[in-house]
Amino acid sequence: MNNLILLKSLQLANNKLSGHLPENICLGGFLTNLSANNNHLTGLIPKSLKNCYSLFRVRLEGNQLEGDITEAFGIYPKLDYIDLSNNKLYGELSPNWVQCHNLTSLKISNNNISGKIPLELAQATQLQRLDLASNQLNGEIPKELCNLTSLVYLFLNDNQLFGRIPLEIGQLLNLQQLSLSANNLDGTIPKQLGKCLRLLSLNLSNNQLGGSIPFEIKNIFALETLDLSWNILMGEIPPELGRSQSLETLNLSHNMLSGLIPPTFDEMLSLTNVNISYNQLEGPIPHLKAFLDAPFDALENNKGLCGNASGLMPCPSKSHKRSSSGLVISIVVPILGGLLLLLILVWCLLVVHCKKYKPRKGQYQNIFSIWGCDGKIVYENILEATEQFNSNYCIGSGGYGNVYKAVLPTGRVVAVKKLHPSDDNETINLRAFESEIRVLTEIRHRNIVKLYGFCSNAEHSLLVYEFVERGSLQMVLSNPEEAAELDWNKRLNIVKGLASALSYMHHDCPTPIIHRDISSNNVLLDLDYEAHVSDFGTARILKPDSSNWTSFAGTFGYIAPEFSYTMKASEKCDVYSFGMVAMEVIIGRHPGDIISNLWTSNGQKMLLKDVLDQRLQPQRRNKVAEQVVSTTKLAFTCLHVNPELRPTMQQVYQALTSGRPSPLPKPYSMMSLGDLIGDGHGVQS
């Protein structure tokens with residue numbers, strides 16, 4: 001191993017090697033090329049790499065290497081290429097990468113990198129490839145990234161990014177591949193993308209992009225792949241899109257597109273794969289092989305497509321056309337005249353209606369841009385999908401309304417909260433409605449329920465959310481069979497997910513947000529048992545100049561002690577509620593009596609094994625058991641009667657994810673908890 005310090009190049013790629021990288025891999029400072037990609041390497045990144053200033057090319061992708069990316073790597077003046085993809089690295093992206101002035105490729109996809117994309121990255125002007133896909137990055141896409149005019153490949157897909165796509169993206173004139181899919185991006189598709197004339201592949205799927213498809217995309221003559229699926233795009237397909245002569249793959253499925261497929265699509269001779277399913281399209285399909293040979297699931301669930309393709313009805317025959325042009329004119333002209341008058345009447349009614357429901361200046365603009373002035377189309381779809389809010393579709397009830405399951409015509413399954421009517425005090429309902437909209441439009445996080453839009457009229461006020469399949473944590477824990485399926489790994493992950501959401505709300509939003517009603521009923525679980533925080537009807541945005549005095553809200557049994565007599569909400573109230581939910585996850589039921597016994601035990605030990613959920617059989621001490629113990633201790637610190645002695649949610653989340661002993665400072669230490677809980681425990685992994 002000592003000979004390694006003299007190496008300038010180390011080639012270990014594709015050798016199925018296991019074990020750790022040598023710690024002294026770069027002690028001599030001569031190493032310029034390191035290729036150990038596609039092996040089975042584990043462990044931490046060697047510390048000697050941090051000061052290996054001679055590095056020119058690094059390939060460590062395709063292993064299981066761990067470590068904090070902020071601490072593991074340094075500044076490399078000569079570095080040209082680095083690929084760390086497909087490992088287990090965590091931490092946040094350091095601005096130090098911009099000091100690698102010769103860097104042309106930075107690839108860190110498929111890791112556990114969190115935090116925001118640093119603005120300083122825009123100073124790495126030589127970058128041609130930037131791949132940060134499949135991580136846990138949040139925040140908005142910095143418009144400063146669009147100054148990287150040398151970029152050829154930009155992959156930010158499969159993260160938690162939110163906000164609008166920067167209009168400055170049109171500055172990336174050399175871009176060939178762009179993927180922003182599987183994020184929480186909203187707004188419209190920038191027409192400025194039409195300036196990226198060298199684009200070969202554009203993927204914006206699985207977001208919340210609304211509005212229409214910009215016709216400027218026709219300018220991208222080289223475009224071969226276009227994927228806009230799983231958004232909420234509306235309107236007709238622009239005829240200009242049919243003039244994309246190089247387009248081979250087109251996916252517009254799972255949107256709300258309507259009207260006819262433009263005749264210009266008959267000119268798309270390069271098209272080989274197409275999917276337009278789950279829209280509201282109608283009329284004949286183009287006479288192209290891509291459409292005629294398409295499987296039915298690529299065309300299904302539209303309003304009325306017809307043609308000679310699998311599963312479609314034949315188009316109506318044209319043999320019964322009237323031959324007399326005079327007869328046609330005599331029929332068509334009166335009809336057109338009547339339609340014109342009808343359109344004018346409808347337009348007038350819409351103007352009056354939209355004025356009636358016009359939001360105050362600066363309020364809800366993004367949401368209204370999704371559904372239109374009052375969400376009329378979606379409102380009618382919801383009425384039909386729930387059979388006028390039939391109780392058979394009701395899946396839950398909260399303090400502000402009932403929740404219904406609805407399947408929209410696009411195929412998207414949503415949860416619809418219909419707010420309770422209030423005859424005696426209408427402003428209370430309106431205030432709750434506005435509060436929930438305001439908060440949810442400002443936050444995007446994988447552990448927070450997404451808001452797709454809202455509808456409001458004289459009869460109902462509706463919020464349209466993503467549908468979370470398994471329902472509330474409370475329901476799962478109260479069902480013996482489902483609770484038994486919820487093993488310790490799943491339970492620990494639920495606690496981490498809840499902590500991640502609250503840490504994001506308290507510390508990563510532009511203005512801190514408190515929830516005020518964290519309970520097991522407001523934590524929903526998806527099919528993978530991932531936690532999603534819901535019901536922000538009582539949330540409030542904290543402002544520095546506000547005293548935050550507010551009306552009573554919350555769920556009894558989860559409310560911080562100080563709130564019940566001060567009525568003053570703070571982040572520490574959410575911390576207390578988190579502690580209660582975390583304890584509930586560990587012991588399988590509401591922990592009220594146990595918490596009370598712990599505080600009044602007069603120093604008498606209570607073993608953790610005696611309070612664990614007995615539906616999970618105990619087992620020998622192991623790594624999972626240690627995590628359960630540390631999580632329980634951490635949850636207990638959140639329940640301190642003095643809010644000043646509770647940790648912040650950021651500290652809690654870091655402690656849960658660091659894999660090391662709790663980094664909490666002494667005021668937040670475990671105090672006498674070791675005596676209270678004892679060290680007798682056993683859990684099942």
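**Close-up views of a predicted model**

**View 1. Asparagine 37 lies in the loop between strand 3 (33-35) and strand 4.** The model shown in this and the following views is predicted. Asparagine 37 has a relative accessibility of 3% and therefore counts as buried, the limit for that class being under 20%. Beyond its neighbours within four places in sequence, asparagine 37 is in contact with Leu12, Ala13 and Asn14, and also with Arg59, Leu60, Glu61 and Asn63. Arginine 59 is 22 residues from asparagine 37 in sequence, yet the C-alpha atoms of the two are 5.5 Å apart in space.

View 2. In general, the strands of a sheet pair through backbone hydrogen bonds, in either a parallel or an antiparallel manner.

**View 3. Strand 2 pairs with strand 4 (residues 40-44) in the parallel sense.** The pairing of these two strands extends over 2 bridges. Serine 18 is placed opposite histidine 40 of strand 4.

**View 4. Helix 9 (residues 488-508) packs with helix 13 (residues 623-637).** Two packed helices are described by the angle between their axes and by the distance between those axes. For helix 9 and helix 13, the angle is about 35° and the axes are 10 Å apart. The crossing of helix 9 and helix 13 is left-handed. Helix 9 contributes Trp488, Asn489, Leu492 and Val495 to the contact, and helix 13 contributes Val624, Gln627, Val628 and Thr631. Of the residues in this contact, 5 are nonpolar, 3 are polar and none is charged.

Note on methods:
Residues are numbered from 1 along each chain as its sequence is written. This is a predicted model: local features need pLDDT of at least 70, side-chain atom pairs count only at pLDDT 80 or more; totals for chains, interfaces and linings use all residues. Side-chain values use heavy atoms; hydrogens and water are left out. Axes are lines fitted to C-alpha atoms, for helices over the stretch in contact, and angles run from 0 to 180 degrees between N-to-C directions. Helices (H or I, at least four residues) and strands (E, at least two) are DSSP runs, numbered from the N terminus. A crossing is left-handed if the near helix is turned anticlockwise from the far one by less than a right angle, and right-handed if clockwise. Contact means heavy atoms within 4.5 Å. Ala, Val, Leu, Ile, Met, Phe, Trp, Tyr, Cys and Pro count as nonpolar, Asp, Glu, Lys and Arg as charged, and the others, Gly among them, as polar. Two strands pair if DSSP finds at least two bridges between them. Buried means under 20% relative accessible area, exposed over 50%, partly exposed in between (1.4 Å probe, protein chains only).
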